[in-house]
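Load the model in a viewer and keep the selection tool at hand. The stops below say what to select and what is there.

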Protein chains: 2
Amino acid sequence: MELRQLRTFRVVAERLHFTQAAEELHLAQSSVSAQIRLLEEELGVALFDRIGRRILLTEAGETLLQYARRMETMDREIRHELRQDEQIAGALTIRIPETVAAECIPPVVERFHARHPRATLSFINCDDVRLREELNTGRIDLAFLLTDEVALPNVTVEPLRSEPLMLVAAPGHPLAAGGAVTSAMLQEATLLHMRVD
Amino acid sequence: MELRQLRTFRVVAERLHFTQAAEELHLAQSSVSAQIRLLEEELGVALFDRIGRRILLTEAGETLLQYARRMETMDREIRHELRQDEQIAGALTIRIPETVAAECIPPVVERFHARHPRATLSFINCDDVRLREELNTGRIDLAFLLTDEVALPNVTVEPLRSEPLMLVAAPGHPLAAGGAVTSAMLQEATLLHMRVD
DNA sequence: GTATAAAATCGTTGGAAGCGATTGAAGACA
DNA sequence: TGTCTTCAATCGCTTCCAACGATTTTATAC
């Protein structure tokens, strides 16, 4: 006895018509007959009374129909429940510079939540230098950094993309006068910039 | 997904060992692997975590195990319940001459009851001539007759066997004197005999 | 008696399920 | 560190079963 046979039996039992059942199941009528015959042989019981060219459920058929429906319901339940199990669930804690977060995070969060509704994301500003310890202890799961390069043992680092570094000054500022800006000139200026640990 | 696959999965899940499960199921280990792989592909979910050469149930696997057990239980229930359904149940009412009943019925009833415990038999003495009406109205289901022949419309009649007709007399009776007995002699005698309608 | 409808049956074929052998990977242990 | 053992995955092969189309059988309608 297999679920395939029970499904076929259920359709035949509901329609009381082999040919129509075969159409609904996209099978040949002979295949439906064969499945029912094997089922009856295995269970050692007639499931249908063949009255002329009409068929009727036997008492055993009625009993089996109840079970067949329960089996099919359970089959659907399994698939539904497993679909929840396969959903990614849990919490991710992520360090990310606020300036990057402000620009990139909202659309990413939206798509992530749409795909994994049972997972939650937490963001923390990236002002802590003890990244490796935080990653290894599990306090954070992931970090985005604005930096040249990072080499940390036991931490996987992957460059995502490059960003141009721009010098921006007020119109009246001496550095805005035009001409090349040397690193010596920058040393004397007051700079507003991201700290890179 | 078929019951065969669920049974295989259940055994693997309980033993957490493909090779041992294959032995229990009388299958080759490769067949067990194939069944589990197909099940995982169809459900779109990993059922086991392969940690080195150990296997563990995933969350989805735990869920499926519950269902697999319920399915197998239901399978057993079906077969058990159908075994009751296939038993012949009901009541048979039978007319039979008392003399025949006394000789033949006890062993027949014993065997019949052993084979069909849920069916009951009732016997009525065969002194009613309205057999056909009784059969057609369902008052009786079956009748045994001691007679030459019966021709009743809508009633199936089947000869079972022939019985010799014996003349028995007391030792001092005139008919016991010896010599041939003619029908004329019988007409004058007082006979104790079964009435044949 | 003829036509029609429906299930049963038969012979054929493609695909799936099982098998044995091999590979690959991970522990166990010297 | 290297070897051995264990176990699941994989591969190629074979067998068998399930589906199919065609035909037969049976019963009902006309």
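The model is predicted, and every value below was computed from it.

**Stop 1: α1 and α3 of chain B**

Select residues 3-15 of chain B, which form helix α1, and residues 29-43 of chain B, which form helix α3. Their axes lie 10 Å apart and the helices pack at an angle of about 110 degrees. An angle from 65 to 115 degrees counts as roughly perpendicular, so α1(B) is roughly perpendicular to α3(B). Show side chains next. From α1(B), the contact uses B:R4, B:Q5, B:T8, B:F9 and B:V12. From α3(B), it uses B:V32, B:Q35, B:I36, B:L38, B:L39 and B:E42. Coloured by class, the residues of this contact come out as six nonpolar, three polar and two charged.

**Stop 2: α2 and α3 of chain B**

On the α2(B) side, pick B:F18, B:T19 and B:A22. They meet B:Q29, B:V32, B:S33 and B:I36 in α3(B). How many residues of the contact of α2(B) with α3(B) are nonpolar, polar and charged? Four are nonpolar, three are polar and none is charged.

**Stop 3: the interface of chain B and chain A**

Now display both chains. About 2700 Å² is buried between chain B and chain A, and carbon and sulfur atoms give 63% of that area. Between the two chains, ten residue pairs are in polar contact, counting pairs with both residues at pLDDT 80 or more. Which elements give two or more residues to the side of chain B that touches chain A? They are α1, α3 and α4 (59-85) of chain B. Select α4(B), which supplies the largest share of that side, 15 residues. The side of chain B that touches chain A divides into eleven nonpolar, two polar and eleven charged residues.

**Stop 4: salt bridges**

Side chains of opposite charge can pair when their charged atoms come close. Across the interface of chain B and chain A there are two salt bridges. Over all chains, the whole structure has 16 salt bridges.

For a pair inside chain A, select A:R10 and A:E72, a salt bridge with its closest N and O atoms 2.5 Å apart. A:R10 is in helix α1 (residues 3-15) of chain A and A:E72 in helix α4 (residues 59-85) of chain A, so the pair ties together parts that are 62 residues apart in sequence.

Conventions: Residues are numbered from 1 along each chain as its sequence is written. Chains are lettered from A and ligands numbered from 1 in the order in which they are written. This is a predicted model: local features need pLDDT of at least 70, side-chain atom pairs count only at pLDDT 80 or more; totals for chains, interfaces and linings use all residues. Side-chain values use heavy atoms; hydrogens and water are left out. Axes are lines fitted to C-alpha atoms, for helices over the stretch in contact, and angles run from 0 to 180 degrees between N-to-C directions. Helices (H or I, at least four residues) and strands (E, at least two) are DSSP runs, numbered from the N terminus. Angles under 35 degrees count as roughly parallel, over 145 as roughly antiparallel, 65 to 115 as roughly perpendicular and the rest as oblique. Contact means heavy atoms within 4.5 Å. Ala, Val, Leu, Ile, Met, Phe, Trp, Tyr, Cys and Pro count as nonpolar, Asp, Glu, Lys and Arg as charged, and the others, Gly among them, as polar. Buried area is the accessible area (1.4 Å probe) that two parts lose on being put together, summed over both. A salt bridge is a side-chain nitrogen of Lys or Arg within 4 Å of a carboxyl oxygen of Asp or Glu. A polar contact is a pair of N or O atoms within 3.5 Å; within protein, one must be able to donate a hydrogen and the other to accept it, and residues adjacent in sequence count only if both atoms are side-chain atoms.
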